[in-house]
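The sequence and structure come before the details.

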Amino acid sequence: MMKYLRSLFLLAILTSCSKDEPVATVKVPSGYLYKVEPAISGKTAYICGERPFNDTGALVGGTDLGAQTRQVFDNVKTSLATVGMSLTDVTQVTYSIKEAAGVTQVSVSKLETVKAIEATYFAKTPSIVTAKAVSQTTREDVLIEVEVIAIK
């Protein structure tokens with residue numbers, strides 16, 4: 001009898017799971033997000049390697065640094081929201097901007113492009129903002145990667 005009831009119970013569960021119901025899609029951040037909640041009040045989130053990919057994994061912006069930068073900031077907003085934070089909590093931003101091999105500084109025009117877009121996302125510029133030239137990124141067509149530290 002017990003075996004029969006267990007089989008009936010499993011059948012009921014499987015039947016209820018097989019119904020077609022809409023599945024909610026959640027936008028998943030494309031970078032790495034580390035959240036630290038110390039014993040003292042406040043929390044810190046580290047976002048590393050945020051890249052210009054949309055929620056389907058496609059590169060946004062092609063060869064347009066501005067479009068890629070906007071997508072990166074949209075991804076940062078999404079990542080922060082997953083841990084209850086926002087761009088107002090960001091205290092540090094590090095840009096890795098692609099330059100030709102052997103170039104050690106970010107070109108003025110690229111830096112101006114990134115800074116102009118940064119100003120549209122942050123009401124107040126984070127305390128620490130750095131930019132470094134890199135000759136390689138995760139993919140040849142990725143022009144910018146961003147690291148962020150946020151403290152709430």
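## Salt bridges

R139 and D141 form a salt bridge, with their closest N and O atoms 2.8 Å apart; the term stands for a side-chain nitrogen of Lys or Arg within 4 Å of a carboxyl oxygen of Asp or Glu. R139 is partly exposed at 36% relative accessible area, and D141 is also partly exposed, at 32%. Buried means under 20% relative accessible area, exposed over 50%, and partly exposed in between (1.4 Å probe, protein chains only).

The structure holds five salt bridges. One of them joins E140 to K98 at 3.1 Å, N to O. E140 sits in the loop between β4 (128-134) and β5 (144-151) and K98 in strand β3 (residues 90-98), so this pair ties together parts 42 residues apart in sequence. E140 is exposed at 67% relative accessibility, whereas K98 is buried at 11%.

## Helix α2

Helix α2 (residues 65-81) has 17 residues. Of these, 13 are buried, so the helix is largely enclosed by the rest of the structure. Helices (H or I, at least four residues) and strands (E, at least two) are DSSP runs, numbered from the N terminus.

## Confidence and basis

The model is predicted; local features need pLDDT of at least 70 and side-chain atom pairs pLDDT 80 or more, while totals for chains, interfaces and linings use all residues. Residues are numbered from 1 along each chain as its sequence is written, and side-chain values use heavy atoms, without hydrogens or water.

Mean pLDDT (the predictor's confidence in each residue, from 0 to 100) is 82 for the protein chain, and 73% of its residues reach 70 or more. Confidence is lowest in helix α1 (residues 2-17), at a mean of 48, and highest in helix α3 (residues 108-121), at 97.

Notes. Expected span 1.5 Å × (residues − 1).
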